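Subject: Structure for you to look at

Hello,

Here is the structure I promised to pass on. Please open it first, then read my notes below.

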Amino acid sequence: QVQLVESGGGLVQAGGSLRLSCTASETIIPINRMGWYRQAPGKQRELVAAVTSGGSTKYVESVKGRFTISRISRDNAKSTVYLQMNSLKREDADVYYCAAAHSDSDFFRSDGYGMEYWGQGTQVTVSS
């Protein structure tokens with residue numbers, strides 16, 4: 001069982017920046033896909049950004065040019081994924097969840113189906 005530990009959420013003014021971090025516990029089977037999703041109460045979960053072990057990235061249209069996802073993998077045993085969020089808008093406020101999967105694919109469903117492990121979530125609040 002892989003554990004995902006998230007950090008970096010908080011309160012920021014609109015136009016500001018935050019960086020989210022998520023570290024996966026060590027695993028014998030490599031983690032190939034990692035991503036960040038967000039979900040507001042009563043709304044459907046949404047893929048924000050994702051990255052594969054090969055470096056392919058995917059972003060939801062609304063964050064392109066503002067958010068950057070990156071990943072550090074140490075011998076495939078322990079991976080950390082970052083989400084640098086710049087020029088934050090009020091509509092970016094949500095609970096952000098880190099997710100990971102062993103499966104090797106460039107495809108990420110927007111609703112997160114297929115991701116095997118989830119973090120506990122970190123709140124991002126954007127004030128005007």
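How many salt bridges does a search of the whole structure find? The search finds five. Please keep in mind that this is a predicted model.

**The charged network**

Start with R38, E46, R66 and D92. Salt bridges link these residues in a network. As a general point, side chains of opposite charge can pair when their charged atoms come close.

R38 and E46 pair through their side chains, N to O, at 2.8 Å. R38 is buried, at 5% relative accessible area. E46 is partly exposed, at 26%.

R38 also forms a salt bridge with D92, at 3.2 Å from N to O. R38 sits in strand 4, while D92 is in the loop between strand 8 and strand 9, so this pair ties together parts that lie 54 residues apart in sequence. D92 counts as buried because its relative accessibility is 1%, and the cut-off for buried is under 20%.

D92 has a further partner in R66, with the closest N and O atoms 2.7 Å apart. This pair also links distant parts of the chain, 26 residues apart. Both D92 and R66 are buried.

**Around R66**

R66 lies in the loop between strand 6 (57-59) and strand 7 (67-74). Its relative accessibility is 10%. A polar atom of the R66 side chain is 2.9 Å from the backbone oxygen of S62. Beyond its neighbours within four places in sequence, R66 contacts Q84, M85, N86, S87, L88, K89 and D92.

**The nonpolar cores**

M85 leads on to the largest nonpolar core, which has 27 residues. The members that touch the most others are L4, M34, W36, L83, M85 and Y96. Several strands give two or more residues to this core, among them strand 4 (33-39), strand 8 (78-85) and strand 9 (94-101). Strand 3 gives the largest share, four residues.

Leaving out residues up to four places away in sequence, M85 touches G16, S17, L18, L20, R66, F67, Y96 and V124. A second, separate core has seven residues, including L47, A99, F108 and M115.

**Rings**

Which residue lies over the face of F108? R33 does, at 5.1 Å from the ring centre. R45 lies over the face of W118, at 4.0 Å from the ring centre. A search of the whole structure finds one aromatic pair.

Best wishes

Conventions: Residues are numbered from 1 along each chain as its sequence is written. This is a predicted model: local features need pLDDT of at least 70, side-chain atom pairs count only at pLDDT 80 or more; totals for chains, interfaces and linings use all residues. Side-chain values use heavy atoms; hydrogens and water are left out. Buried means under 20% relative accessible area, exposed over 50%, partly exposed in between (1.4 Å probe, protein chains only). A polar contact is a pair of N or O atoms within 3.5 Å; within protein, one must be able to donate a hydrogen and the other to accept it, and residues adjacent in sequence count only if both atoms are side-chain atoms. Contact means heavy atoms within 4.5 Å. A nonpolar core is a set of buried Ala, Val, Leu, Ile, Met, Phe, Trp, Tyr and Cys residues joined through side-chain atoms within 4.5 Å. Rings of Phe, Tyr and Trp (its six-membered ring) pair if their centres lie within 6.5 Å; planes under 30 degrees apart count as stacked, over 60 as edge-to-face and the rest as tilted. A charge sits over a ring if NZ of Lys or CZ of Arg is within 6 Å of the ring centre and within 35 degrees of the ring normal. A salt bridge is a side-chain nitrogen of Lys or Arg within 4 Å of a carboxyl oxygen of Asp or Glu.
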